[in-house]
Structures are given as C-alpha cells and as structure tokens.
Amino acid sequence: HKSSSHLCANRHKDLADLQSASLAVLFFRWAMPTACRILSRRATAVVSRTRHKSSIIAPASSPSAPPPGFPRLPLLGSLPWFSNLSLPDGSSVQSLDEQHESWAEGTRRHGPVWRVGIPGLGKGISGDLTLCADPREFVKVLQAEGKYPYGAIQLQWPFIVWATKHGRTVGKLFTRSEDWRHIRHGMQKSILPPAAAAGYAAIIGTTGREVVLNAPLWDDAGSFMSRASFDLFAGLALGRRIRASDPRPGASLPEDERFCVDTIEALDLLPDVIQDLPSIAMSSLGLESPMMKRYFRAVSGALDYAEAQVREMLARLDAAEPLSTAEEASYLASTVRTQRAAAAAGAADALTDDEIVASVSVALVASVDTTSSIATWVLAHLAREPEVQQRLREEVAAALQQHAGSLAAVIEEELPYLKAVVRETHRLTPALVISSVKEVDADIDLAGHRIPAGSLVALENHSLQMSEALVEQPRAFRPERWLAGAVAERKGAPPPEI
C-alpha cells in the first residue's frame, strides 16, 4: 500500500460484499440477539458432542489440513458461538469483553492453531482470523510478513477512515508502507535506546510523585489510573504538567480536561466501533453510523488538542525561546533536535515537522489505555495479596531511603520484586490478550495446518500463560516465580517452553 487511502480502500474492498447486504445488517441490530441465542444453543449441542481435549503445543493430525475452529457466517462471523462459551468450571463467557477467557477457551477446544470469525477485526465478510498458541510456530508468521510488517494498528479501521477523510499525516502510521517504516524509525530513536530512556527518569519521578499524592482524592482506581497515565506521558513527551489526575476544581486547564475526556471516550468507543455491524456496513457505503460519528468527534477533539500542543512547542523552539528544564528533557525536544540535526547533515530519512507533530500527537493519545490497564491491575492484585503488597512496599521504601527520597534515582534501581510484580501482572491479566497480529504474504504451514497468503494470524498467548503444564498454580498471583533464583531453577527443566 502506498498511502493510508490505499489501505482504507483495501479494507473497503474486503467489505465490498457487505454493500448489497447493508440493510440486512441494520436489521440484525435488533434481530441478532435472538438469532445468537438460537444459534448458540444449537452450536453448544454440536460442540458438546464433538469436543475433545487438545494439547496446547501439538501438531495437527492431518498434514496441510485447514485449521479447525468455530463456524463462521457472513456478517455474523463466529459471534453466535464465540460470544457465549461454556467453560470447564461450569461458568460461561457472555461477551468478547471477557476475552481473557474466550481466546484461551478457543485454544483448549481446538488446539494450538484454530480459526474464528470476528467481523471488523478479521478479514472478509465473516471476519476470518487464525489464532496460533505456539510461539515456536508463530515464528513462521513473522518470517512471512514481508518488508513492511502488519500489526494490530492496521486493525483500527475506524481511525484509518477518519484520518483518510481528514487528510491527516498521522494516517501514514497505520499503513504497511515505506511511510510507516520511515516515521516509526524516526520516532524510536529518542525513546528506545537505554540511554535515551534513562534521560526521562527525572521527569517521570517528579510527575509520579505529584500524581501519587492525588490518589486519595479518587474513589475509582480505573479513572485515576487513566488520568495518571495522561500526566506521566504528557510530562515525558512535552515536559509539561496537565494535572489531569487532580480532580479538584481549577486544578487543570479546561482545554486539558477536554483533551482527557475526548481521548478516554475515543479509546472506549474504538473497540466497539471496530466490531459494530451497522458501522462496518455503513462505512462500506461511505456513510457514518451514530457510533462512528461519536468516535470521530472524540478522536478529532483529542488529536486537534495534541497537535496544537506539539506545534506550540515547535514554534517556541524555532523562536529560540527558553524552555523549562522539563521541556528541554522531553521526548519532543529530543526528537526535534535529533531529526533537525539529521536533516542538516543531509539525511534523506529525517522526519519533517509535520511527521513529528503526527507521531508525537498519536503517541499522546495512545499512551493511556495499555499503561492505565496494567497499572490498575497491579493495584487490584496488591489489594488482594497483602503479603505481596507489604514485601513490595519494603523494597521500594528501602530504595527511597537509600537515595534520600529521590524517586528519579529509585526508578533507575533494579528493584527486582517490583519488576516481578509487574511481570506477573502481565502474565495473569495482560493489557492485550492478543499481543501480535500479522498478515502473511506467503502460504505457510502452522503445526500441520495450511495458512494461505493474505491470512491474518494472531498470537494467542494467554492459554500458555495459564497452562498448568507450563506454569505452577497458574491462577495464583506469585511474583516470586520471576525472581532470578526461580528463573535459574527452571532453566533446562522440561517442558522446554518454560
């Protein structure tokens, strides 16, 4: 694809068959719940007769056979079956919102490679998506993704439609093209190298201390963590405090507060719009559903604010105005200096100011969800495990005492138990259960199953993380399993996947 508009056109091509059925899709808006219940009862009866236990890591019984999986219907995909799963413990998964269990249950039923239909998320009229729960096999997917990798960012078709309609440079980040590689390569220079990341410790330490003091002012941990994530990343990216985590009247500017509200609304709406059948159908006709209009309004407000903030600092840099210490140390200032120095040296791949604005703006908006999700889960686990909480508190308190209360210095400490707590949180309650989605550019074989070129394949890793064959007491929150001694004991022990 040469541009975001081409990618959008390709998405619409996948949905071309929907145009003749768009009225039927709108009908399903109210008819689908009844249809799903009927189909689900029938599917459960069939599955109960044919269900078999499968090893998570196992070859297919028939070489080059298509993967097993849930039935897939036009428009509905596998939703009648996949959104109402019975689990081994007698409970059930009632919606895709409970995806931690639904994806793992799909692997338990069908084995390490299987298919499901999720309209809006997968490809074509039934939303075809292949899941692979064997990381060794998934290496084949990575090797077949071509020069420009496909990622979950390309699944966000509502954002691609919005960026295309408004001609926004940020749309280049959502393509499989040289534009994507160029911007991504430029963005990471000032944040991924360890030396660059260490330079942000002071900003994070100062902002973090202020944010923590606001925690008692909130009753809802999730809302607090979303606002805290805003404050932390705005401090890192721009070197300024927006005080979104302070709920007291007048603590933050009205425009900063509006940015937070718009961003949270856009992030909340995005997964719903992606899988909303009326939105999919209407978008294929060039129309906007009510849900899409709400999403477009929210994302426009969020990115308009973010771009204005970035352009304001660019103007100050151009005018040689003095910056604060935090602004001088920010990701934006570092990126601008790096890219302008590259341009002055004649580098052909230096980012333009418009590309810097686009990349930093989308990072401001995208920084909230995964950060706040994991941070909220950390709090939840600590609340349920007082002994873990106490041990972690002692480690952090000792580090603060050693460094005279400097949070910035503590951030650069090893803090092995803190890292173990975060890692165990990722294992048990990851921010994203499907951590990698790729489109293969060539036919491949996964565990004996034929996967044709053009297929979307996702790594389903939660079933591995919750497998009793690989993890001792997988449903227990035990950070100790990630400490150096425990990791050393596991080396060379069967099974090799651990």
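# Briefing: cores and buried residues

In this predicted model, the largest nonpolar core holds 58 residues, and those touching the most other members are Phe159, Trp162, Val170, Phe259, Tyr295 and Leu332. Eight elements are listed as giving two or more residues to this core: α6 (157-166), α7 (178-188), α10 (221-238), α11 (254-274), α12 (277-284), α13 (290-318), α15 (331-344) and α16 (353-366). The most comes from α13, which supplies 13 residues.

**The protein as a whole**

- The protein has 498 residues, and 47% of them are buried.
- Its secondary structure consists of 22 helices and eight strands.
- Among contacts with a separation of 6 or more, 70% are between residues 24 or more positions apart.
- The accessible surface is about 23,700 Å², and carbon and sulfur atoms account for 57% of that area.

**Leu332 in the largest core**

- Leu332 is one of the residues that touch the most other members of the largest core.
- With neighbours within four places in sequence left aside, Leu332 is in contact with Ala237, Leu238, Val310, Met313, Ile356 and Val360.
- In soluble globular proteins, nonpolar side chains tend to be buried together.

- Asp256 counts as buried because its relative accessible area is 2%, under the 20% cut-off.
- The side chains of Asp256 and Arg240 make a polar contact at 3.1 Å.
- Apart from residues up to four places away in sequence, Asp256 touches Arg240, Ile242 and Tyr305.

**Cysteines**

- Cys132 has a relative accessibility of 0%, so Cys132 is classed as buried.
- Cys260 is likewise classed as buried, because its relative accessibility is 1%.
- A disulfide is a covalent bond between the sulfur atoms of two cysteines.
- Searching the whole structure gives zero disulfides.

Methods: Residues numbered from 1 in each chain as written. Predicted model: local features only at pLDDT ≥ 70, side-chain atom pairs only at ≥ 80, totals over all residues. Heavy atoms only, no water. Helix = DSSP H or I, 4+ residues; strand = E, 2+ residues; numbered from the N terminus. Buried < 20%, exposed > 50% of the residue type's maximum accessible area, 1.4 Å probe, protein only. Contact = heavy atoms within 4.5 Å. Areas by Shrake-Rupley, 256 points an atom, 1.4 Å probe, with all protein chains shown as cover. Disulfide = S-S within 2.5 Å. Core = buried A, V, L, I, M, F, W, Y, C linked by side-chain atoms within 4.5 Å. Polar contact = N/O pair within 3.5 Å; in protein donor to acceptor, adjacent residues only side chain to side chain.
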